[in-house]
Amino acid sequence: MAIEKITMPQLGESVTEGTISKWLVSVGDHVNKYDPLAEVMTDKVNAEVPSSFSGTIKELIAGEDDTLPVGEVICLIEVEGTVPQKEQKTSDKTVEESAPKTADSQSNKSRYSPAVMRLSQEHNINLDTVTGTGAGGRITRKDILAVIEKGGAAEVKETPASTVQPEAPAAPKTQQPAPVVSAAGDQEIPVTGVRKAIAANMLRSKHEIPHAWTMVEVDVTNLVSYRDALKTEFKQKEGFNLTYFAFFVKAVAQALKEFPQMNSMWAGDRIVQKKDINVSIAVATDDALFVPVIKQADEKTIKGIAREITELAQKVRTGSLKSEDMQGGTFTVNNTGSFGSVQSMGIINYPQAAILQVESIVKRPVIIDNMIAVRDMVNLCLSLDHRVLDGLVCGRFLARVKEILESTSKENTSVY
């Protein structure tokens, strides 16, 4: 017999940690290789962690709702048919709990995830003063974000006098809101793991990205007429809907090809301009928001984009969305108009540099050739990372999207 470790997998680009939302096995259960062990959440996606071995579950090191860095041990499996090894009762978790944490301990610092190190440095937080809630007392990004919310203050651990170092100056404390007290008749709704992941990602985006915002209005009267004339025949022929949103995604993808600066990401000491144009689209359920990706959107027709929108939305609503469906996005388009919004400011999908909100198409009176006409109008609202993008390029990008949409018609646009 041998004891093998199952570790937290990396379920996406730039992902540094994951949360165990549900264990699918218990201690003593026999599992086969590739059997699912647990459901893990990271950056809005829920994925199953498969077993790398056949054997018996020996110990569940991480608990449900625990957040662990990529590579951290989550459980131990007793594997049959291998060379006997001395069973290790002292797991990585126990070693970590017993290891002294000093300011100059390089071995201990190497146990911090990159996200924890980056956040602590950006906000001048002394990690030796932070109490970790992860496995074995490990400090997670969630712990650092909690300290940032408190204005940079952290609970001070007991440290031998010989190892006490001067603390970095704390950020100015902000006034904390009064605690929420439940009254008779109030309903308390537990925060799900998916909602926690969404909250953490949104908080990270707002803390780290300096958001700016701009908007243009677009006359899509010809686009509406063209799509409405096609939609019935298209549905009968193709078996799925031709939505307005497909036209908007295609226009954005085309404009991104012409303005590649918009297809960029901030990487600390450099800006990474992505070669592939992979458009993330926001798809909501009753209690969560998912952001699947249309890969190489600039190479697809309007029909191809409409098909992918339908398929990805179906995956979200049936719970069959996979982690690979969420990876690689470079720019997000959000169909806020689907629930009646006419103007909104989106939070950027970290680490992308921008998000475009497509609002409701509404009939409005406009002036054309000094005469009042009723036209189909839509607002396009762009949130941008001001570290990466400036108003000039964003203005030109939106003007190009507007031009493409306003020129869309039966005469010069094909959906195939």
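## Helix α5

In this predicted model, helix α5 covers residues 193-208, and the distance from its first C-alpha to its last is 22 Å, close to the 22 Å expected for its 16 residues at 1.5 Å a residue. The buried residues of α5 are Gly193, Val194, Ala197, Ile198, Asn201, Met202, Arg204, Ser205 and Glu208.

## Helix α9 and its buried side

Within α9, the residues Val393, Cys394, Phe397, Leu398, Arg400, Val401, Ile404 and Leu405 are buried. These residues lie on the same side of α9, because the arc they cover around the axis is only 155°. An α-helix has 3.6 residues a turn, so residues three or four places apart point the same way.

The cover over the buried residues of α9 includes the helices α6 (221-238) and α7 (244-258), together with the strands β9 (211-219), β16 (331-334), β17 (354-358) and β19 (371-385). On the face turned away from the buried side of α9 are the exposed residues Gly391 and Leu392.

Together with Trp213 and Met345, Met215 makes a nonpolar surface patch of about 280 Å². Met215 has a relative accessible area of 32%, which means that this residue is partly exposed.

Conventions. Residues are numbered from 1 along each chain as its sequence is written. This is a predicted model: local features need pLDDT of at least 70, side-chain atom pairs count only at pLDDT 80 or more; totals for chains, interfaces and linings use all residues. Side-chain values use heavy atoms; hydrogens and water are left out. Buried means under 20% relative accessible area, exposed over 50%, partly exposed in between (1.4 Å probe, protein chains only). Helices (H or I, at least four residues) and strands (E, at least two) are DSSP runs, numbered from the N terminus. The arc is that of the directions from the helix axis to the C-beta atoms. Contact means heavy atoms within 4.5 Å. The expected span of a helix is 1.5 Å times one less than its number of residues. Patches are made of residues with over 30% relative accessible area and no salt bridge: like charges are joined within 9 Å, nonpolar side chains (Val, Leu, Ile, Met, Phe, Trp, Tyr) within 5 Å. Accessible areas come from the Shrake-Rupley method with a 1.4 Å probe; for residues, only the protein chains shown count as cover. A salt bridge is a side-chain nitrogen of Lys or Arg within 4 Å of a carboxyl oxygen of Asp or Glu.
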